[in-house]
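Reader: I'm new to this one. Can you walk me through it?

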Amino acid sequence: GPAVSKTGRNMARRRRPSDDAEIRLSGEGTVKLGRSEEGSKTAASGNGTVKRRRRPSAETSSERKTSGRTVESVKRRRPSDDTDVRVSGEGRAKRRRTEEGSVAAASENGKTKRRRSADAAERGTSADRNERKRRTRYEENDTDVLDTSKEKKDAARAERKAAKAEEKAARAERKRQEKERFARELDPVKEAARRRNVIKKYAKTAAGTFVVIVAVLIAWLIMKPIKTRAAWNEIENSSSVAETEVSIVNPEREDGSGQAGCVQVTGSKNISYDAPGWQHDENGWWYACDESTCYVNGWQTLDDQQYHFNADGYLDTGWVALGGQGYYFDEDGVYDPNKDASKLVALTFDDGPGEYTNRLLDILEENNAVATFFMLGECVDVYGEDVIPRMIEMGCGIGNHSYDHSDMSTLSTSDCLKQFQETDALIGQYNNGQGASYIRFPYGSYTEEELAAIDKPSIYWDHDTLDWKITHATTLAGNVEEEMEGGNIVLMHDIHEWSVEAVGIYLPKLVQEGYEFVTLDELAAAKGYSLEPNTTYFGFTDYLIQNGSVDDSNR
C-alpha cells in the first residue's frame, strides 16, 4: 500500500520463502488463539483452519500499517508457540471427550449387566415353569400308555432273561460234553468197563420186570375163569330184582336229558370184562348192564357218582349240552356241578398253516390251551404233514377255509363245493381220512345254496382282532386283552409272525385271570348248544344268547 516504501518492497522481494512461512504460521496461530479466547474451543483445536495465506483486504493492510507492533510481534513469534497453543486446546477437548465417553460407557455397561441379570433370572423362572409343566403332563399321561411302556420293558426284560438262561444251559451242556469227551480220550479202557457195567445193570432190571409181568399175567389168567364162574352163579341165583336190572329200558328223553336207557348191545361193542361192569374199546368207556345190554342216552348213577352216556352208549367227558344247558364231566366221566363256563373262549386261526404255526402250537401247549384252525388247501399241501397230526394229538379243532381263499359269493355253487372238497381231501391225508369238522367262508361271504351244499356247521366270529392291520405284537396283545369276553369266537391269522408273538403275550395273562381256551364244540356245549350243519354261528357271549343272535336262525 502507500505506507510502504520502495525499499520495503524490494526487501519483500528479497525475503526468503521461509520467512513467509513463519509469518503465515504465526498468523494462523494468532487467529486460532483468538478464537480459543472467544470460547470456540472446539474450532480452535482443529487442524489447519487457515491452510493457505489469503491476500489481506484493504482494511487489514491499513490496520497493519497502523499497528506495526502487532505485525512485528507476529514476525518474531516462533512456529512452536502456535503449535503449543493448538495442542493444548486439542488436549483439553480430547480429555473432555474421553471423560464423557468413559462415563457413558460405564453407565451403558451397568445397564447391560443389570439387563443380563434380569434376563438370566427370567430364563431361570421360565425353565422352572417349563419343568413343572413337563412333570404335570407326564403325571397326567394316560394310564394305558404307561402300562404299555411297562409291558414293553417287562417283555424285553423277560426276553433277555430267557436268552441268558438258554445261553447258560448251552454252556453247561457244552462243558458236560467236553468233560465226557476228555474222560473217554484219557481212559478208553475205563470207559469200556463202565459201559459194560451199565449194560449189565439194565439187563438185570429188564429181566426182573419181564418176570414180574409174566407172573401177573399168569395169575390173572388163572383167576379170571374162577371169578367169571362165581359171577354167573350169582346171576343165576339172584332174585327178580336182578331180572329187572337187565331188562330192556328205553331212554327217558330223546335229547338225553333224562334217565339212561338199557338197550341191546350193538355195533362194535364186545363185552370183554365182567358184566355188569365197565367195558372199554377204541371208542371209549361204556357200561354193560349184563352180557347183552348197555346204558345209552341219559343219566345214570353208579357207585354214588353221576354219569352220562351218549346216544351210542359211550361215557361223556368234558362239556355236554343237555336240554339247552351245559354240563361238565371230568376225565373219568363224573359230573362236576361246580365247573364255571363264564370265561370260556374259542380261539380261531385262518389262512394257515404256515411257517409260524408250530410256534403257535408250542404256545398253546405251554398254556394248556387249544384252538381251531381254518386251513387253506394250498397251505395244507405245503405244511399239513408237519402240523395237522400235532393239532389232532393236542385236541385242537380242524376247520376248512376253502382251497385258495376265493370270494365264494362270486363263484357258482359247484365251484364253491369243489374248493372245500379238495381241501377236505388234503386234510384227510393226515387225519385218518376225516375232513374238517367246520367251515369258514373267506371274507365271511357266501350264499345259502353254498352253505346247504357243503352241509357242515359254518363259523363266523364276534371278536375280530384286526391282526392283518395291527402289526405290532404288544399293541395287538393289549387290544385282545382289553376286548376279551367269555363266549367269544376270536379271529386271528397264524400266517403273521406278530400275531403268534401277540398270542404268546396275552395268553398267559388271560389264563391267569381264569380264562379257558377250548374248541368250538366245547364252547357251544358249555352254553347249551350243539353245532348243527347248514347253520352259521357268530359267538356265545351272554349278550348274543339273550338276544337270540348266537346263530343265523333269527338274523
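Author: What follows is a short tour, from the chain as a whole to single residues. This is a predicted model, where local features need pLDDT of at least 70 and side-chain atom pairs count only at pLDDT 80 or more, while totals for chains, interfaces and linings use all residues. Residues are numbered from 1 along each chain as its sequence is written, and side-chain values use heavy atoms, with hydrogens and water left out.

Reader: How many helices and strands does the protein chain have?

Author: The protein chain has 17 helices and 17 strands. Both are DSSP runs numbered from the N terminus: helices are H or I with at least four residues, strands are E with at least two.

Reader: What share of the residues counts as buried?

Author: Of 555 residues, 32% are buried. Buried means under 20% relative accessible area, exposed means over 50%, and partly exposed is in between, using a 1.4 Å probe and protein chains only.

Reader: And the accessible surface, what does it come to?

Author: About 35,000 Å², with 49% belonging to carbon and sulfur atoms. The areas come from the Shrake-Rupley method with a 1.4 Å probe.

Reader: What about contacts in the chain?

Author: Take contacts between residues at least 6 apart in sequence: 63% of them join residues at least 24 apart. A contact means heavy atoms within 4.5 Å.

Reader: New topic. How much space lies in the second largest pocket?

Author: About 610 Å³. A pocket is an open set of points on a 1 Å grid over the protein atoms alone, where a 1.4 Å probe fits, with protein on both sides within 12 Å along at least five of seven lines. The volume is the space filled by probe spheres set on the points, which are joined across faces, edges and corners.

Reader: Which residues lie nearest its centre?

Author: Ala155, Glu159, Glu501, Gly504 and Ile505, out of 21 lining residues. Lining residues have an atom within 4 Å of a point. Elements giving two or more residues to this lining are α7 (143-186), α10 (357-366), α14 (473-483) and α15 (497-512).

Reader: Which element gives the most?

Author: α7, with eight residues.

Reader: How does the lining split by class?

Author: Nine nonpolar, three polar and nine charged. Asp, Glu, Lys and Arg count as charged; Ala, Val, Leu, Ile, Met, Phe, Trp, Tyr, Cys and Pro as nonpolar; the others, Gly among them, as polar.

Reader: Back to α14. Which of its residues are buried?

Author: Ala473, Thr474, Leu476, Ala477, Val480 and Glu481. They are on the same side of α14, because they cover an arc of only 160 degrees around the axis. That arc is taken from the directions from the helix axis to the C-beta atoms.

Reader: Where are the cis peptide bonds you'd point out?

Author: One joins Ala275 and Pro276, with omega about 0 degrees. Pro276 is in the loop between β1 (261-264) and β2 (277-281). Another joins Gly352 and Pro353, with omega about -5 degrees. Pro353 sits in the loop between β9 (344-352) and α10.

Reader: What about Asp304, buried or exposed?

Author: Asp304 counts as exposed, because its relative accessibility is 76%. Its phi is positive, about 65 degrees, although Asp304 is not a glycine. The residue lies in the loop between β5 (298-302) and β6 (305-309).

Reader: And where is Asn431?

Author: In the loop between α12 (413-428) and β12 (438-439). Asn431 counts as buried, at 13% relative accessibility. Pro389 is 42 residues from Asn431 in sequence, yet 6.8 Å away in space, C-alpha to C-alpha.
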